[in-house]
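Here are my notes on the model you sent. Please read them with the structure open.

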Amino acid sequence: MRLSQDAKLLLSTLIVIVAAVAASWVALGKARHFILKKEGRYTAVHWAQYLENNLRGLDGLLSAGLITNEDRMTFDFATATGNVLNYQILDERGAVAFSSWSGDFRLSIPTDHVQAAIRNDKSYTELIEYEGGESRPRLVAEAYVPIESTAGYKGAVNVKIDLTERAVELERRSMFAFLGLLGFVTLISTFCGALVWRNIRNRQWAEDLQNSRSVVLEQLATGMPLKQVLLTLVQSVERLKPDTVCSILLLDESGTRFKDGVSPSLPEFFRNSINGVQIGHGVGSCGTAAYTRELVIVSDVLTHPYWAGIRDLVARTGLRACWSLPVISSDDEVLGTIALYYREPREPTDAELEFFRTISHLVGIAVEQRRFQARIAHLAHYDTLTGLPNRRKLQARLQQYVSEARIANGTMALAILDIDKFKTINDTYGHPVGDSVIREAARRIAACVREDDIVGRLGGDELAIVFRKVSDVREIAEVSDRIAEAVRLPMYIDGKSIATSSSIGVSCFPQHASDSDELFIKADHALYQAKQSGRATCEIYDEELHELIREKQILERDAALGIQKDEFSLVYQPQIDLKSGALIGLEALARWEHPVLGQVPPNKFIPIAETSPIIIELGERLLRQACTQAARWRQGGLTNVKIAVNVAARQFKDPLFVEKIKNILEQTDLKPCALELEITETMLIDDFDVVEKTLGELNALGTSVSIDDFGTGYSSLLYLSKLPFQNLKIDRSFVHNLPSDSNSVAIVTSIIAMARQLNLSVIAEGIETCEQAEFLRMNECVGGQGYLFAQPMDALQLETWLRDDFVNTFHGRLGAMNGQMEAARVASLKHSELRSA
Ligand SMILES: Nc1nc2c(ncn2[C@@H]2O[C@H](COP(=O)(O)O[C@H]3[C@@H](O)[C@H](n4cnc5c(=O)[nH]c(N)nc54)O[C@@H]3COP(=O)(O)O)[C@@H](O)[C@H]2O)c(=O)[nH]1
């Protein structure tokens, strides 16, 4: 039906507004197609396209329609997706004029920000809406009214004037209806404000969210407990969206159960029912979200299968919709969930989802940040391998317990425990097994002590126990023995049975120390003593021991200085062929002339130097000195004489050892075959592979190796048969009792026989008597060394000895030996008889 031109004009000026603004570009994509007819020509216009072209910068689209009843008007705003939106209209002062529901949006826009410029620049006389293939002519006047505000908000009002049935109806209406329409038109300017408000509301959320984020970050920075921070977040959400009940749930360490949560607005009975629940598919919205790691939208908990298990329970809460998002950490771990509950069944809008995700992200930051801080704090005080308190934490506790004991006039103690030969365990079985040994030792120690005693790890294979209260020193000795015994039991690790032991040093307050630092020093000294006395023991600190350690420290310092000041020198002791009487070698022995103490015996300074890196420098200097001297003597005529030099364990383990030997030989011009290195049996067992390699390299070089003090160490056939060395030196303790002591006789003859079997030469050391020499000679011991032939001498003395005394003295000795021969032979025979019997 066609209207008169006047009516069209009148209506086009006055009536009906359908507005468009805001929502999202997504919504725009879903807009309808229209066919517009303008000035007699039809044009297909895509609604979204139109807006895109003409109103770029809009947040979205809101279409509005007007329904007129007999005597009142209502507005029905809808997005292009068809969702009914709540709306609000403000008056010029920014106060709420209309609201589709009460009080939820606290919005106030200063009206000077809304300066709508209304232009009626598009007008169509005819529009045909294309629906399901059926075209129905409608007479519509249409106008887009762009709006802009000084704050930069953009929007538009789409004014459509329906000139078909409804318009006709209007036309037929009385003046009353016309006035009603007029009344509406007066609202246009405020209506524009309402459209702007839509835009503002998003912005307001963003601002509020930004504020919440700042508050949360500030609370995190000031060290507020996580629960408090999460509560702030939940309260922010509930303040921003007052129809929402917000709940945050966190997972336990296993990541499978809800352990903790912040849900102040959920009824207590419901909150309690969630705590401890195992996550899984179909376990409510949150259990499912945490399990599937995905957003779960349940628009009605009373009908959704995920809630079937607790439907009655949730019904009592009055809540209907529950949307849940997993909170995921930066390394992709599910930390918990955040849920939004509503009292009516509903689904989220796109804007709400975005809001939801932002909040979830914020929860993630808070939880992760707190966990990170907790981890850092834990790392600062606990050992990662054993989980035990570390040195720092132990020291703090030690101080606390010392203070308590001081106040109570009581006794407390500190024990430091070191796993014996831990390096060998590591080298033999590998580091993971070594780690397990430490963990197992820690576990066993913890089982031996009381609850308020503290077991901690100081580092490496060193553990400590702080005993809070002990009755006396004896009690602590008993506990320490128990601990040593527990560690000594075999450990079954990785399918292997590993035998280990520990050394323990103990000090007590107030008996041995007046504060925690002193306790540490003294327990350490006691531990040192335990190690010195052969390991696998427990030592309680005592003053005498302390003195020894101090003396050791002073000597160590002085030895280091002595090296620089050239206080060390060498003496040489001849080695004689027992059959021919020829000089076969010279053992170089170190001497130290201390500026205050005078001659310090090597038995004293070598063990001290061996426990510190100074032995490397000292050993190298002495070796160079010995080689230089030997080269000189060889050039002077002692062509077949070898120089034997003692090598300390640290020197031998030095990866550059063989290289250094090579260099020294080259630099001193000594043939490698003129050098013999003396190592001890104990050095062989430390690291078989390394020892084998080093010996092989020395062999290849042409330098021989002698096992010193043979018989006092492990004397393992395995080492003897597999390692490439050339000589055995029978320890002087066995020689000392020859030939009268049958044990010594048995040992010495066995060593000689074994050496013959293995094609090794033998030198007996410490020969002081002719009987000893004769016995050894008769039992086929090739070489001998001892005071019987010569004391160790410096280079000059040795040269004099060689020139003046050697032949005489030696032959004199031989003469005496001849007189003793019969007795020695009888002793030897006796022994053989005993053995065969
Ligand atoms: N790593 C190094 N160790 C060294 C070096 N120089 C010496 N040492 C070791 O110190 C230990 C003691 O040595 P020292 O006091 O020199 O004693 C040697 C001899 O004097 C002594 N000896 C020799 N003959 C007799 C004897 O008839 N009776 C007797 N009671 N003692 C005697 O024996 C020591 C030699 O021993 P050994 O080396 O085992 O052949 C000693 O263990 C030295 O090894 C050094 O430069 N580096």
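1. Start with a cavity lining. Helix H19 (614-635) and helix H21 (657-668) each supply at least two residues of the lining of the second largest cavity. The model is predicted, so please keep that in view throughout.

2. Which residues line this second largest cavity? They are Ile-616, Glu-620, Leu-623, Gln-651, Asp-654, Phe-657, Lys-660 and Ile-661. By class, the lining splits into 4 nonpolar, 1 polar and 3 charged residues.

3. Now the volume. The second largest cavity comes to about 60 Å³. The structure as a whole holds 5 cavities of 30 Å³ or more.

4. Next, the ligand. How many residues surround it? The count is 23. Glu-587, Asp-709, Arg-732, Glu-765 and Glu-768 are the closest.

5. Sort that shell by class. Charged residues number 9. Nonpolar residues also number 9, and polar residues number 5.

6. Where does the shell come from in the fold? Strand E25 (583-594), helix H18 (602-610) and strand E29 (704-710) each contribute at least two residues. E25 gives the most, with 4 residues.

7. In the side chain of Glu-587, an N or O atom sits 2.7 Å from a ligand oxygen. For the side chain of Arg-732, the distance from an N or O atom to a ligand oxygen is likewise 2.7 Å. For the side chain of Glu-765, the corresponding value is 2.4 Å. These pairs count as polar contacts because their N or O atoms lie within 3.5 Å of each other.

8. Then look at burial of the ligand. Taken alone, the ligand exposes 800 Å². The protein buries 86% of that area.

9. Is Met-683 buried or exposed? Met-683 is buried, because its relative accessible area is 7% and the cut-off for buried is under 20%.

10. Last, a pair of positions along the chain. Met-683 and Ala-648 are 35 residues apart in sequence. Their C-alpha atoms are separated by 8.4 Å.

Terms used: Residues are numbered from 1 along each chain as its sequence is written. This is a predicted model: local features need pLDDT of at least 70, side-chain atom pairs count only at pLDDT 80 or more; totals for chains, interfaces and linings use all residues. Side-chain values use heavy atoms; hydrogens and water are left out. A residue is near a molecule or strand if one of its heavy atoms lies within 4 Å of it. A polar contact is a pair of N or O atoms within 3.5 Å; within protein, one must be able to donate a hydrogen and the other to accept it, and residues adjacent in sequence count only if both atoms are side-chain atoms. Accessible areas come from the Shrake-Rupley method with a 1.4 Å probe; for residues, only the protein chains shown count as cover. Ala, Val, Leu, Ile, Met, Phe, Trp, Tyr, Cys and Pro count as nonpolar, Asp, Glu, Lys and Arg as charged, and the others, Gly among them, as polar. On a 1 Å grid over the protein atoms alone, a cavity is a set of points where a 1.4 Å probe fits but cannot get out, and a pocket is an open set with protein on both sides within 12 Å along at least five of seven lines; lining residues have an atom within 4 Å of a point. Grid points are joined across faces, edges and corners, and a volume is the space filled by probe spheres set on the points. Buried means under 20% relative accessible area, exposed over 50%, partly exposed in between (1.4 Å probe, protein chains only).
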